[in-house]
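Keep the viewer open as you read.

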Amino acid sequence: MTPLPGAAPIGDRIYPTLGQAGLDVRHYDLRLTVPRPGTLELSGEVTLTLAATRPLSAIALDYLGPAVQEVRWNGAVRAFALDRAAGKLRVTLPAPLRPGEAARLSVRYAGVAAQVPDALLPTGWQAVPGKGGAGGANYALSEPAGTRGFLPVNDHPSDPATFTVRVTVPAGYTAAASGLETGVADSPAGRTFTFEQAVPIPTYALAIHVNRFARVDSPPVPVGVGGAAVVRRDYFPAGLGSRETAVRAPYRRTGEVLEVLAGWFGPFPFAAHGSAIVESGVPALETATLNTMPVQSSNERVLVHETAHQWFGDRVVLADWSDVWLNEGFATYAELLWAQAQGEDGGAVVAGWYARLAGRPTRPLPATSAEELFDRTAYLRGALALQAVRAEVGDAAFRAWLRAYVTAFSGRPASTAGLLDLTRRELGARAEAALRLWAESPTLPPLPPTAP
Ligand SMILES: [Zn+2]
């Protein structure tokens, strides 16, 4: 199928078909029903509040999910085309959507969620079948582009949006999602949990969990914008048995992690933070306000890493997936900041990163393929690039630079070029050159020094 006029994709260098150029989704209002946790069955109804940065004659959302039953445009039923091969739900508009106008697009769907294949693992809506007659669990694990497996979205990080999420589950289950819980209501359909994510986040960072959870609330932490209290809650699966104490232990330090990281990065950008623990062998993911943490990744280092992504990835968003090192390099660097705050030897951490890269093939920081997105270069060379800046300018200027980057790119797409520009403005030409060497050199630059 040829693209509809006015519905061209964003042009991502790694995922060229994702998103729609000129489309700005402001808000997703989602009702999701999960009738049998542990299976991929679901039904949904979502209303997108849309704006445009150029005239659009059609909307082409990313979608690979269950069968679509109905589409409405500003409340009126509208014809649609589901192009499974292209992964697009297309709606031709009765009149072009022009810049300055707002519109509502509603989609109702039901059936079985699709797993979205990617270079690393199947992404999107996950099902964990129950064991020994117990109920199962579900959760979203969507980086880089799995949300489209269960929700029609403009599935690109350069278009972050706010979310209202209402999840209806059978009695005995708990739902958790990004944002603040604003209501719990019972009906014949089950129990509905409502969440408000009032600060825009990328679609892949949307957390949704369904399980027989124990929710553990902790005292709020005054590290939000203007000293606001950040709500603290974690969700632990029932039935961890003898593993429970060990699994829960690292999360008791989440408040301290927030304080140490806010000391470097500036205020925590969201109203709540915590983790939801999953019993599955997947990687941890920085879902907004609620890290998705597998049992086997329940340790301080991973908790620090995913929590740092709340600033870098969830609030400062990517212009293009090729620059994912901006997420992973900063989150890996946070592991060093935490280690130093615990009195550990930062030089050993930096030397360890360097040793894992030395003698291997390397590459400049911007990735050129999906296979490179989450490789050692993105994480370790990305973190060493930040150490090169810190070594050049010292801790005080480095801290101011981190905060300037967060301020400049909160809710705005960041790029390697944008960070280099900001570095020259904030720190001068020598620091920019130090960063550029790590960003662009085809070989591995020398190990940057670490202050004692
Ligand atoms: Zn990461």
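Ala 58 sits across from Thr 92 of β7. Before going on: this is a predicted model, where local features need pLDDT of at least 70 and side-chain atom pairs count only at pLDDT 80 or more, while totals for chains, interfaces and linings use all residues. Residues are numbered from 1 along each chain as its sequence is written, and side-chain values use heavy atoms, with hydrogens and water left out.

Back to the strands (DSSP E runs of at least two residues, numbered from the N terminus). β3 pairs with β7 (residues 88-97) in the antiparallel sense over six bridges; pairing takes at least two DSSP bridges. The open sheet has three strands in the order β3-β7-β6, with antiparallel pairing.

Now find the zinc ion. Its protein donors are His 305 (NE2), His 309 (NE2) and Glu 328 (OE), 2.0 to 2.1 Å away; a donor is an N, O or S atom within 2.8 Å of the metal (3.2 Å for Na, K and Ca), and as water is not among the atoms, sites may look incomplete. The spacing in sequence is H-x3-H-x18-E.

Finally, zoom out. An automatic or database assignment gives domain 1 (23-308) and domain 2 (321-440). Contact, meaning heavy atoms within 4.5 Å, involves 25 residues of domain 1 and 25 residues of domain 2.

Key:
Helix = DSSP H or I, 4+ residues; strand = E, 2+ residues; numbered from the N terminus.
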